[in-house]
Amino acid sequence: MNTSSKSLLTDEIAKADKERDALYIGYKKAVDGFCAINVAEVSKTANILAQHIKDYRISIADQLDKQTGMLMNFIADLETKYAPLVESLSLTLFVTKMKEANERVRKLTLQRTNERMGVTVGAMKQSREATDRAYRIGQKQHVMVYKFVSQGTIEEKINDMIEDKKKLA
């Protein structure tokens, strides 16, 4: 029987990502709309914000982690360096809601990553237990166990700890 490995958080992440994308697109459209207004101060302010959007080159098709990181920096700029411009065009609500949605996506993806790390650790534990069982039931021939450990992950750290403990024993 095959079981799905899809995280229960995946649908929540997709929903939060869709909301965040809609807010970002809405912000871009609002800035573009202000650029078209024939009031010198308004269009000048909007053109500065439009250039800020172009400089970041954020695409809603980017991977979640990349888009989340870029939006964190983008929003930080809007809340500090460009805050007076955002306020003068009454775009503060867009920025606030975009920040909230981006933070929701960030937390959910982090939660899903932590969930997956637990599965990997569990799989390693199961393979060790299976090897131990094979010998306990009287296995006389060698049992080959292969483990694949990715560099820079928690499973590598766990593997190193296990190897260190074996050396002490």
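Are Arg20 and Asp17 buried or exposed? I looked them up first. Arg20 is buried, and Asp17 is buried as well. I keep in mind that this is a predicted model.

**Entry on the Arg20 pair**

I checked what Arg20 does with its charge. Arg20 forms a salt bridge with Asp17, and the closest N and O atoms are 2.7 Å apart. The two residues sit about one helical turn from each other, because they are three residues apart in helix H1.

**Entry on helix H1**

I then went along the helix itself. H1 has 26 residues. From first C-alpha to last it reaches 37 Å, close to the 38 Å expected at 1.5 Å a residue. I noted its buried residues, among them Ile13, Ala16, Leu23, Tyr24, Gly26, Tyr27, Ala30 and Val31. Asp17, Arg20 and Asp21 are buried in H1 too.

**Entry on helix H3**

H3 covers residues 64–79, which makes 16 residues. I read a reach of 22 Å between its first and last C-alpha, close to the 22 Å expected. Which residues of H3 are buried? I listed Gln67, Thr68, Met70, Leu71, Phe74, Ile75 and Leu78.

**Entry on the rings**

I counted four aromatic pairs. Tyr24 and Phe74 make one that is edge-to-face, at 5.8 Å centre to centre and with 75 degrees between the planes. This pair links distant parts of the chain: Tyr24 is in helix H1, Phe74 is in helix H3, and they are 50 residues apart. Both Tyr24 and Phe74 are buried.

Why is the pair of Tyr27 and Phe74 edge-to-face? Their planes stand at 85 degrees, with the centres 6.0 Å apart, so the pair is edge-to-face; the cut-off for that class is over 60 degrees. Tyr27 in H1 and Phe74 in H3 are 47 residues apart, so I logged another link between distant parts of the chain. Tyr27 has a relative accessible area of 0%. Phe74 also comes out at 0%. I followed the ring pairs onward and found a cluster of Tyr24, Tyr27, Tyr56, Phe74 and Phe94.

**Entry on the cores**

The largest nonpolar core has 24 residues. Tyr27, Leu49, Phe74, Leu78, Val86, Leu91 and Met98 have the most contacts inside it. Helices H1, H2 (40–56), H3, H4 (83–88) and H5 each give two or more residues to this core. Apart from it lies another core, of five residues, including Leu9, Ile13, Ala16 and Leu108.

I looked up the surroundings of Leu91. Beyond its neighbours within four places in sequence, Leu91 is in contact with Tyr27, Ala30, Val31, Phe34, Leu49 and Val86.

**Entry on Thr109**

Where does Thr109 lie? It is in helix H5, residues 92–136. Thr109 counts as buried because its relative accessible area is 9%, and the cut-off is under 20%. With neighbours within four places in sequence left aside, Thr109 is in contact with Ile13, Leu64 and Asp65.

**Entry on the other salt bridges**

How many salt bridges does the structure hold? I found six. Lys99 forms one with Glu79, with the closest N and O atoms 3.3 Å apart. That pair joins distant parts of the chain, with Lys99 in helix H5 and Glu79 in helix H3, 20 residues apart. Lys99 is partly exposed at 42% relative accessible area. Glu79 is partly exposed at 38%.

Asp62 forms a salt bridge with Lys66, and there the closest N and O atoms are 3.9 Å apart. Lys66 is partly exposed, at 49%.

Terms used:
Residues numbered from 1 in each chain as written. Predicted model: local features only at pLDDT ≥ 70, side-chain atom pairs only at ≥ 80, totals over all residues. Heavy atoms only, no water. Helix = DSSP H or I, 4+ residues; strand = E, 2+ residues; numbered from the N terminus. Buried < 20%, exposed > 50% of the residue type's maximum accessible area, 1.4 Å probe, protein only. Contact = heavy atoms within 4.5 Å. Expected span 1.5 Å × (residues − 1). Core = buried A, V, L, I, M, F, W, Y, C linked by side-chain atoms within 4.5 Å. Salt bridge = Lys/Arg side-chain N within 4 Å of Asp/Glu carboxyl O. Phe/Tyr/Trp six-rings, centres within 6.5 Å; stacked < 30°, edge-to-face > 60°.
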